[in-house]
Amino acid sequence: MHNLGQTRSSQRGNHLLLTADTFVRAPLPGMKACTAIVHAGPVLGAAFTQYTAEFEAGGELGSTSAQRFLFVIEGAVSVDLGGKRQDIRPRGYAYVPEGAQHHVQSSCASRVAVIEKPYQPLQSVDAPRAIVSSEDAISSHALNDDPDLQVKCLLPDEMSFDFAVNTMVYQPGAALSMVEMHVMEHGISMLEGGGIYRLGDSWYPVTAGDFIWMGPWCPQWFGAIGKVPAKYLIYKDWNRHPLAAVQR
């Protein structure tokens, strides 16, 4: 049935909500048997690019000169990195440093969250190392001492990494303890459950499959609603002075 122009998707000056009914799929350079749903990028004002790669069996990603983070949502992919091939299944992830030669190929129909960002080096700090791991191998901690809101930090909190990627799980009824406003921008892929997100002066119902971008200082708050936990994958820029982007 035609939706007569109705959608939950919304774009404002400091935030974006994308829902599945508005997704547009297109290949990116170098992709084979694979398409991308581009969610955020520099044309939006973001300092990073985030997309969902949808693979057919045997599909491949193209190359990138930027650093790249992969998180498997469904299916399985292999990552050839440094002459070593490693398989990644749901909740598995990989971090590939900028300029590192690598190859990503699916073994079956798969969906993968992909984040790419130019690296911001620091003097006297070594470049970050490659990582292949799984969310299941990471211990969680309570956010602001709330046991119903658990966070897993998928990348090490080391100055060599200029961004962070976490998963956050809210038990039904759990919520952020405050409305946050800060210099960091976010990219969020809703993985499970749903709730209400405040973005700027708007309040949005969100559910698994949605994507959210938040610009710097966008007022933001989330509360989980429903009978199952809400979970999302969240990107944020990290470990860099705000002037670093201006000085590049």
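Student: What makes E15 and E20 a pair?

Tutor: Two strands pair if DSSP finds at least two bridges between them. E15 and E20 have six bridges, in the antiparallel sense, so they meet that cut-off. One of the links is Ser 189, whose bridge partner in E20 is Leu 233. Before we go on: this is a predicted model, where local features need pLDDT of at least 70 and side-chain atom pairs count only at pLDDT 80 or more, while totals for chains, interfaces and linings use all residues. Residues are numbered from 1 along each chain as its sequence is written, and side-chain values use heavy atoms, with hydrogens and water left out.

Student: Which strand does E14 pair with, and over how many bridges?

Tutor: E14 runs antiparallel to E20, and eight bridges join them. Met 168 has Tyr 232 in E20 as its bridge partner.

Student: Why is E20 called mostly covered?

Tutor: Buried means under 20% relative accessible area, exposed means over 50%, and partly exposed is in between (1.4 Å probe, protein chains only). Seven of the eight residues of E20 are buried.

Student: How do you know which way the side chains of E18 point?

Tutor: In a regular strand the side chains alternate between the two faces of the sheet. In E18, Phe 211 and Trp 213 point one way, Ile 212 and Met 214 the other way, and all are buried.

Student: Which strands pair with E18?

Tutor: E2 pairs with E18 in the antiparallel sense over four bridges, and E15 is also joined to E18 by four bridges, again antiparallel. Met 214 is the bridge partner of His 15, and His 186 stands opposite Met 214 too.

Student: Why is Ala 142 called partly exposed?

Tutor: Its relative accessible area is 29%, so Ala 142 falls in the in-between class. Ala 142 sits in strand E12.

Student: What is Ala 142 in contact with, beyond its neighbours within four places in sequence?

Tutor: Contact means heavy atoms within 4.5 Å. By that rule Ala 142 is in contact with Pro 147, Leu 149 and Gln 150, leaving aside its neighbours within four places in sequence.

Student: What makes Ala 33 stand out in its phi?

Tutor: Most residues other than glycine have a negative phi. Ala 33 has a positive phi of about 50 degrees although it is not a glycine. Ala 33 is in strand E3 and is partly exposed, at 34%. Trp 217 also has a positive phi, near 65 degrees, and lies in the loop between E18 and strand E19 (220–224).

Student: What makes a set of residues a nonpolar core?

Tutor: The members are buried Ala, Val, Leu, Ile, Met, Phe, Trp, Tyr and Cys residues joined through side-chain atoms within 4.5 Å. The largest nonpolar core has 25 residues, and Phe 69, Phe 71, Leu 154, Leu 155 and Val 165 touch the most other members. Apart from it lies another core of 21 residues, among them Leu 149, Leu 176, Tyr 204 and Ala 224.

Student: How do you know what counts as a pocket?

Tutor: On a 1 Å grid over the protein atoms alone, a pocket is an open set of points where a 1.4 Å probe fits, with protein on both sides within 12 Å along at least five of seven lines; lining residues have an atom within 4 Å of a point. The largest pocket has a volume of about 460 Å³. Of the 18 residues that line it, the closest to its centre are Ala 47, Gln 120, Asp 237, Pro 242 and Ala 245.

Student: Which strand gives the largest share of the lining of the second largest pocket?

Tutor: E14, with five residues.

Note on methods:
Points joined across faces, edges and corners; volume = space filled by probe spheres on them. Helix = DSSP H or I, 4+ residues; strand = E, 2+ residues; numbered from the N terminus.
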